[in-house]
Amino acid sequence: METNIIAVKYEDDFFPRTFNGRDYSYFTEKKVSVGDLVIAPTKYGTKIAKVTRINIAEEEIEKIRPFMRKITKRLNKDRYINFNEILEEVA
C-alpha cells in the first residue's frame, strides 16, 4: 500500500471539536480526505486532529522526515462532532 504524506491540525484543548493552529505533517497508509478526523501520535500522547492537506510533496518534508510519525486510525467524524463519541472507522 502506498504511503501518503498529510497535514493535520490538532483539536484545541480549550474549545473541544475545533481545530486551530499550525499544520503538522504525518505519514499514513489510511485512505483520508481533507476534513477527515484522525488520531495523531505526538510526543505527549495521542490527539484528535483534522486532515487539512493530502498528497504533500516529498520536497516539503525533507528536513523533518526523520521526526515524522505515522497515523493509523481514522475516526467517524459525524459521531465525534455530534455526539462526542470516539469511534474508529473500519475499512
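By the rule used here, the count comes to seven salt bridges. Keep in mind that this is a predicted model.

I'll start with Lys70 and Glu29. Their side chains form a salt bridge, with the closest N and O atoms 3.1 Å apart. The pair links distant parts of the chain: Lys70 sits in strand β5, residues 70–71, while Glu29 is in the loop between β2 and β3, and the two are 41 residues apart. Lys70 counts as partly exposed, at 39% relative accessibility. Glu29 is partly exposed as well, at 32%.

Next, Asp36 and Arg74. These meet in a salt bridge at 3.7 Å, N to O. Asp36 lies in the loop between β2 and β3 and Arg74 in strand β6, residues 73–75, so this bridge ties together parts that are 38 residues apart in sequence. Are these two residues buried or exposed? Asp36 is buried, because its relative accessible area of 18% falls under the 20% cut-off. Arg74 is buried too, also with 18%. Through salt bridges that share partners, Asp36, Arg74 and Glu89 join into one network.

One more pair: Glu60 forms a salt bridge with Arg53, and their closest N and O atoms are 3.0 Å apart. Arg53 is partly exposed, with a relative accessible area of 34%.

The largest pocket holds about 390 Å³ of space. It is lined by 15 residues, and the closest to its centre are Tyr10, Tyr24, Ser25, Tyr26 and Phe67. The largest share, three residues, comes from β2. By class, the lining has eight nonpolar, two polar and five charged residues.

Notes: Residues are numbered from 1 along each chain as its sequence is written. This is a predicted model: local features need pLDDT of at least 70, side-chain atom pairs count only at pLDDT 80 or more; totals for chains, interfaces and linings use all residues. Side-chain values use heavy atoms; hydrogens and water are left out. On a 1 Å grid over the protein atoms alone, a cavity is a set of points where a 1.4 Å probe fits but cannot get out, and a pocket is an open set with protein on both sides within 12 Å along at least five of seven lines; lining residues have an atom within 4 Å of a point. Grid points are joined across faces, edges and corners, and a volume is the space filled by probe spheres set on the points. Helices (H or I, at least four residues) and strands (E, at least two) are DSSP runs, numbered from the N terminus. Ala, Val, Leu, Ile, Met, Phe, Trp, Tyr, Cys and Pro count as nonpolar, Asp, Glu, Lys and Arg as charged, and the others, Gly among them, as polar. A salt bridge is a side-chain nitrogen of Lys or Arg within 4 Å of a carboxyl oxygen of Asp or Glu. Buried means under 20% relative accessible area, exposed over 50%, partly exposed in between (1.4 Å probe, protein chains only).
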